[in-house]
Amino acid sequence: MKKILIVEDDQVLREQLMHLLENSGYEAMGVTCFETVREQLENTDADLILMDINLPGTNGEALLQEYRKKHETPVIMLTSRTGEMDEVLSMSYGADDYVTKPYNPTILLLRISAVLKRAVKTEGVQMYGDIEVSTVKGSLTRGAQEVVLTKNEMIIFQLMLDRRGEIVTRDELMTALWDNDEFVNDNALTVNISRLRTKLAELGADKAIETRKKQGYQLL
């Protein structure tokens, strides 16, 4: 269960956020004493922080800038302001996203989910079912068994994993591979897909990639 720390001085809004997050499967924690907010941020084990810009005795943007000197925990700024400058400052100080009030609960939850997913990729580890995908090691691991992917195979699998359940066209895959050192033509793409399927099959996922005729491929 992902933990989310709410740094919001409006008690009603803070409690609404906690209720929304808990009902959505998160563990929610709220800062109530803003005299010690820096210490609470320093010691939190939260996976993500929701931070208001207007806080008693301090400014959320300045607090974020200070926090970013030591920590990489994702932060989404919450504000009733609508000026572009606040958004620019928040992002330049290290915010991962910026949401204005009154927020749409569904949109906020989608933003939180997206930021958490990006954070997982930054750490270099994702999951495909019970298979661990390490972009740092360039490998797939299931239990004690590990298979190593080539650079091209990892690029292909990463794109399909990011869009799991969707059809990814051959053109999209070719575009993703365009900046790679090795020139990739249409035949080479077919070979890479075949090799990736073989490696997935070694881990018991022999039907992971489905060919959609005249459309592309789909990661099931």
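Predicted model: local features only at pLDDT ≥ 70, side-chain atom pairs only at ≥ 80, totals over all residues.
Visitor: What is the handedness of the crossing of α6 and α7?
Guide: The axes of α6 and α7 lie 10 Å apart where the two helices pack. In passing α7, helix α6 makes a crossing that is right-handed.

Visitor: How many helices and strands does the protein chain have?
Guide: The C-alpha atoms of the protein chain fill a box of roughly 60 × 40 × 30 Å along the principal axes. Of its 220 residues, 42% count as buried. The elements of the protein chain are 8 helices and 14 strands.

Visitor: Which residues of α1 are buried, and what arc do they cover?
Guide: Helix α1 takes in residues 11–23. Its buried residues are L13, R14, L17, L20 and L21. They lie on the same side of α1, because the arc they cover around the axis is only 130 degrees.

Visitor: Which exposed residues does α1 carry on the face turned away from its buried side?
Guide: To count as exposed, a residue must have over 50% relative accessible area. On the face of α1 turned away from the buried side, the exposed residues are V12, H19 and N23.

Visitor: Which residue caps the N-terminal end of α1?
Guide: The cap involves the backbone nitrogen of V12. A side-chain oxygen lies 3.0 Å from that nitrogen, and the residue supplying this oxygen is D10.

Visitor: Is K199 buried or exposed?
Guide: K199 lies in helix α8, residues 186–202. Its side chain makes a polar contact of 2.7 Å with the side chain of E153. The cut-off for the buried class is under 20% relative accessible area. K199 has 18%, so K199 is buried.

Visitor: What is the distance in space between I4 and I167?
Guide: I4 has its place in strand β1, residues 3–7, and I4 is buried with a relative accessible area of 0%. In sequence, I4 and I167 are 163 residues apart. From C-alpha to C-alpha, the distance in space is 33 Å.

Visitor: Is the peptide bond from K101 to P102 cis or trans?
Guide: P102 is in the loop between β7 (97–100) and α5 (105–123). Most peptide bonds are trans. With omega near -5 degrees, the bond from K101 to P102 is cis.

Visitor: What is the phi of K214?
Guide: K214 is found in the loop between β13 (209–212) and β14 (216–219). At 85% relative accessibility, K214 counts as exposed. Most residues other than glycine have a negative phi. K214 is a residue other than glycine with a positive phi, near 65 degrees.

Definitions and conventions. Residues numbered from 1 in each chain as written. Heavy atoms only, no water. Helix = DSSP H or I, 4+ residues; strand = E, 2+ residues; numbered from the N terminus. Expected span 1.5 Å × (residues − 1). Buried < 20%, exposed > 50% of the residue type's maximum accessible area, 1.4 Å probe, protein only. Arc of directions from axis to C-beta. Polar contact = N/O pair within 3.5 Å; in protein donor to acceptor, adjacent residues only side chain to side chain. Axes fitted to C-alpha atoms, helices over the stretch in contact; angles between N-to-C directions. Left-handed = near helix turned anticlockwise from the far one by under 90°.
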